[in-house]
Amino acid sequence: MLDARNLHKSYGDKAVLRGVDLSIRPGQVKAMLGPSGSGKSTTLRLINLLERADAGTIEIDGKQLGFTGRADAPRPAPERILAKQRQVVGMVFQQFNLFPHLNAVRNVMSGLTTVRRASHKEAEERAVMMLERVGLGAHAHKYPSELSGGQQQRVAIARALVMDPKLMLFDEPTSALDPELVGEVLRVMEDLAREGMTMLVVTHETRFARRVADEVVLFDEGVIVEQQEPEGFFENPRNKRTKEFLRHVH
Ligand SMILES: Nc1ncnc2c1ncn2[C@@H]1O[C@H](COP(=O)(O)OP(=O)(O)OP(=O)(O)O)[C@@H](O)[C@H]1O
Ligand SMILES: [Mg+2]
């Protein structure tokens with residue numbers, strides 16, 4: 001479903017991505033691990049078209065992102081097309097990024113009424129349904145400031161899901177949470193995985209990666225140095241950098 005090839009990205013003279021290949025099959029969950037600065041977030045930002053790669057290609061279901069026109073003569077897509085392509089991918093960040101002046105339902109509805117031009121009634125119904133799905137039916141009318149971090153992050157997940165994405169990207173979704181709130185967010189993500197959502201998850205939660213991911217990759221200095229199913233990754237890593245990394249997180 002996702003096929004990213006040979007992604008390169010530099011900021012000034014700093015090469016942040018140096019040839020990343022990453023693909024994911026429908027319904028697959030891939031966990032991305034790696035030290036700080038290794039290029040994990042940059043990779044997600046390229047896939048979500050928040051930034052443009054210097055080189056390399058990203059395809060979703062065979063369509064190249066960031067470009068328009070015939071396959072043999074692609075042109076960089078204008079913002080209007082990028083906005084459309086972005087809708088295929090849902091993203092959840094470490095900082096939940098909710099609108100503080102909107103309650104939970106309004107936060108979840110916002111993309112439906114603006115981007116999708118859904119009616120208020122239809123958007124509201126779908127938003128309430130999605131909030132129920134993440135266990136927040138009883139909190140639908142609360143404002144972000146009245147919700148815990150774990151609840152706010154679940155609202156953010158509902159807001160991404162309501163747009164019906166083909167692929168969900170998570171960038172350290174539990175890193176800003178108090179430890180006792182991490183579990184409720186991971187449970188929602190695990191349910192989503194079991195329901196067949198295709199997911200790419202940057203996380204430091206190795207237990208989650210082990211239990212939920214189909215494959216785990218290790219980023220190091222802008223390249224993927226290891227890619228394996230969880231048991232092999234954690235029990236029998238092939239790369240010296242993976243062994244070093246795992247020594248620090250265990
Ligand atoms: N807009 C930017 N301008 C300049 N440098 C940047 C920019 N964005 C990222 N970088 C640099 O790129 C490198 C990789 O950053 P990235 O955020 O992808 O790492 P990461 O693997 O997500 O790390 P972390 O685990 O700390 O989140 C870092 O050295 C960072 O400072
Ligand atoms: Mg990051």
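Helices (H or I, at least four residues) and strands (E, at least two) are DSSP runs, numbered from the N terminus. This is a predicted model, in which local features need pLDDT of at least 70 and side-chain atom pairs count only at pLDDT 80 or more, while totals for chains, interfaces and linings use all residues. Residues are numbered from 1 along each chain as its sequence is written, and side-chain values use heavy atoms, with hydrogens and water left out.

Select glycine 150 to begin, a residue that lies in helix 5 (residues 149-161). Is glycine 150 buried or exposed? Glycine 150 counts as buried because its relative accessibility is 0%, where buried means under 20% relative accessible area, exposed over 50%, and partly exposed in between (1.4 Å probe, protein chains only). From C-alpha to C-alpha, glycine 150 and leucine 177 are 6.6 Å apart in space, although 27 residues apart in sequence.

Next, colour the chain by domain, with domain 1 covering 2-88 + 166-249 and domain 2 covering 99-164; these bounds come from an automatic or database domain assignment. The contact between them takes 14 residues from domain 1 and 15 residues from domain 2. Together the two domains bury about 1100 Å², 65% of it on carbon and sulfur atoms, buried area being the accessible area (1.4 Å probe) that two parts lose on being put together, summed over both. In domain 1, select Gln87, Glu184 and Val188, which lose the most area to domain 2 and together make up 41% of what that side buries.

Staying at this interface, you can look for the two salt bridges that the rule finds across it, a salt bridge being a side-chain nitrogen of Lys or Arg within 4 Å of a carboxyl oxygen of Asp or Glu. Select glutamate 195 and arginine 133, which form a salt bridge whose closest N and O atoms are 2.6 Å apart. Helix 6 (179-194) and strand 9 (167-171) each supply at least two residues of the side of domain 1 that touches domain 2, and the largest share of that side, six residues, comes from helix 6.

Finally, move to helix 9 (residues 240-249), where the buried residues are Thr242, Phe245 and Leu246. These residues lie on the same side of helix 9 because they cover an arc of only 100 degrees around the axis, the arc being that of the directions from the helix axis to the C-beta atoms. Turn the view to the face away from that buried side, and you will find the exposed residues Lys240, Arg247 and His248.

Note on methods. Chains are lettered from A and ligands numbered from 1 in the order in which they are written. Contact means heavy atoms within 4.5 Å.
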